[in-house]
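Here is a brief report on one protein model.

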Amino acid sequence: IAMEILEKGEPMFSGNHTSRLVRTALLGAAFLSVGSAAALAAPAVVVKSSASEYPVGSKVDDADTITLESGESVTVFTQKGTRTMKGPGAFEVGAKPKSNRARFANLTRKRAATRGTTGAVREAGETIDRPLSPNLYYVDVERSGTVCLYDLEAVRFWRPFNDGIETFQVTDASLEVSVDVTFDDGESVAPLDPARLTLAEGAAYTITGPEGAEAATVSFVAMADDYPTADALAAALIEKGCMVQLELMGEKLGV
């Protein structure tokens, strides 16, 4: 609009008012141009892969072509959705992604509930596949690694199987403090009491299960920003080192 006014020489406003209008319009156009270019340049994120050339956490452009051998597969999050490529063949990364918005919203919901029956029940002697956590911000009692959370005072732990009563110990070795987290029979989610143990960013905690199960070691990163899309959140998880959660995203949102 401003350029059209200049070209036509129309006296819509006079003097300094016109000059300010032109400068504001040009500046706004410049910001829009930079923002659009940045959005277009955002790379896709590899979240699941059996191809050594494209490890989990690596980034590729939408216009890139990925060549896979028989048996290889790669799943990426793009700005428009999820793209899973299975070899053999050559595939354009950004071609025909499938929307992951609904599943992404469900997986990343900051739930208020402190308990839930989201695990699996095993019959005596039965062997079944290990379930996946239904929420990205539950702390898996069996997985070691860095965990990204939005609120370190409202932490919920999750166990994959919910049969029987089980008590896990969460220990801060630096403070020599341990607290129990107990799962009731049929429950797979249990809260940590922040009055008994307040988690600190960067500190290491040991989660010890019943019956001599292998202990997990976790640390926490506090997240300040919300990420509206799967590719943006995946990139943030990689930057913060929260690879267990990135793996969960790949499994739950991969198609």
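Buried means under 20% relative accessible area, exposed means over 50%, and partly exposed lies in between (1.4 Å probe, protein chains only). Cys242 has a relative accessible area of 0%, so Cys242 is buried. Cys148 is also at 0% and therefore counts as buried.

## Basis of the model

This is a predicted model: local features need pLDDT of at least 70, side-chain atom pairs count only at pLDDT 80 or more, and totals for chains, interfaces and linings use all residues. Residues are numbered from 1 along each chain as its sequence is written, and side-chain values use heavy atoms, with hydrogens and water left out.

## The disulfide

A disulfide is a pair of cysteine sulfur atoms within 2.5 Å. The count is one. Cys148 is joined to Cys242, S to S 2.0 Å. The link is right-handed, with 80° about the S-S bond.

The pair ties distant parts of the chain, 94 residues apart. Cys148 sits in strand E8 (residues 145-149). Cys242 lies in the loop between helix H4 (230-240) and helix H5 (243-253). Helices (H or I, at least four residues) and strands (E, at least two) are DSSP runs, numbered from the N terminus.

## A strand pair

Two strands pair if DSSP finds at least two bridges between them. Strands E10 (residues 166-172) and E11 (residues 177-183) pair in the antiparallel sense, over seven bridges. Phe168 stands opposite Val181 in E11. Four residues separate the strands of this hairpin, and Glu176 takes a positive phi near 55°.

## Confidence

pLDDT is the predictor's confidence in each residue, from 0 to 100. The protein's mean is 83, and 76% of its residues reach 70 or more. Over residues 1-8 the pLDDT is below 50. Where pLDDT is low, the predicted coordinates should not be read in detail.

Notes. Contact means heavy atoms within 4.5 Å.
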